[in-house]
Amino acid sequence: MLKLCGAVLVFFAAAGLGFFHAAKVRKKYEELLYLKKVIFMLRGEINYNISVMSEIFSHMSERLRTPYHEIFENLSRQMEENQGKNFSDMWNETVIKHLSEIIVCDRDLDKLKELGENLGFLDKDMQMNYINLYLENLSLSIAENQDKVQADEKLSRVLGILAGIFIIVFLW
């Protein structure tokens with residue numbers, strides 16, 4: 001009886017780890033989708049709101065969830081303090097630093113860095129064109145990841161369950 005209870009616990013623990021890993025994979029994909037929403041919001045703010053970038057980021061931070069709220073709030077604060085840094089440095093210190101934990105793909109982070117290098121000093125039309133280019137690249141990355149995420153989720157779940165069964169058979 002005790003052996004059976006232990007086997008059930010081992011099975012559910014291993015299966016739980018598989019499902020937990022599948023949830024992490026899904027969360028990273030959903031963060032890319034939310035980043036796309038944030039960039040759409042930024043594009044709308046730049047296109048329809050005639051104000052400086054620090055006000056745009058402050059306004060955006062009020063409507064975003066964590067960690068994007070803190071990122072854009074910090075970016076707005078840094079721009080208002082203007083510590084002699086250029087926008088690209090501030091972008092890399094706040095946005096890239098915080099999102100590197102969420103966005104794992106180096107290619108997506110590099111594209112986000114490029115976006116920061118081209119915001120803030122170009123005229124409105126050039127900024128809009130560059131944001132549109134970034135959104136196209138992000139959409140392609142999301143489309144590429146969609147099938148991979150589904151396969152990785154399924155694989156994680158199955159491996160968790162199979163690992164549990166393997167451990168039970170091995171210890172029995």
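What volume does the largest pocket have? The answer is about 320 Å³, and the rest of this report walks through that pocket and its surroundings.

## About the model

This is a predicted model, in which local features need pLDDT of at least 70, side-chain atom pairs count only at pLDDT 80 or more, and totals for chains, interfaces and linings use all residues. Residues are numbered from 1 along each chain as its sequence is written, and side-chain values use heavy atoms, with hydrogens and water left out.

## The largest pocket

A pocket here is an open set of points on a 1 Å grid over the protein atoms alone, with protein on both sides within 12 Å along at least five of seven lines; lining residues have an atom within 4 Å of a point. The volume is the space filled by probe spheres set on the points, which are joined across faces, edges and corners.

Of the 15 lining residues, Lys28, Val104, Asn145, Lys148 and Val149 lie nearest the pocket centre. Helix H1 gives the most to this lining, with six residues, and H1 and H6 each supply at least two. By class, the lining has eight nonpolar, two polar and five charged residues (Ala, Val, Leu, Ile, Met, Phe, Trp, Tyr, Cys and Pro count as nonpolar, Asp, Glu, Lys and Arg as charged, and the others, Gly among them, as polar).

## H1 against H6

Helices are DSSP runs (H or I, at least four residues), numbered from the N terminus. H1 (residues 2-48) and H6 (residues 124-171) pack at about 175 degrees, with axes 9 Å apart. That makes H1 roughly antiparallel to H6 (over 145 degrees). Axes are lines fitted to C-alpha atoms over the stretch in contact, and angles run from 0 to 180 degrees between N-to-C directions. The contact of H1 with H6 has 29 nonpolar, 13 polar and eight charged residues.

Ser156 is found in H6. Ser156 is buried, with a relative accessible area of 10% (buried means under 20%, with a 1.4 Å probe and protein chains only). Leaving aside residues up to four places away in sequence, Ser156 touches Gly18, His21 and Ala22 (heavy atoms within 4.5 Å).

## A nonpolar cavity

A cavity is a set of points where a 1.4 Å probe fits but cannot get out. The largest cavity holds about 40 Å³ of space. Its lining includes Leu35, Tyr68, Phe72 and Trp91, and H1, H3 and helix H4 (87-99) are the elements that give two or more residues to this lining. By class, the lining has ten nonpolar, no polar and no charged residues.

Note on methods: Parallel < 35°, antiparallel > 145°, perpendicular 65-115°, else oblique. Buried < 20%, exposed > 50% of the residue type's maximum accessible area, 1.4 Å probe, protein only.
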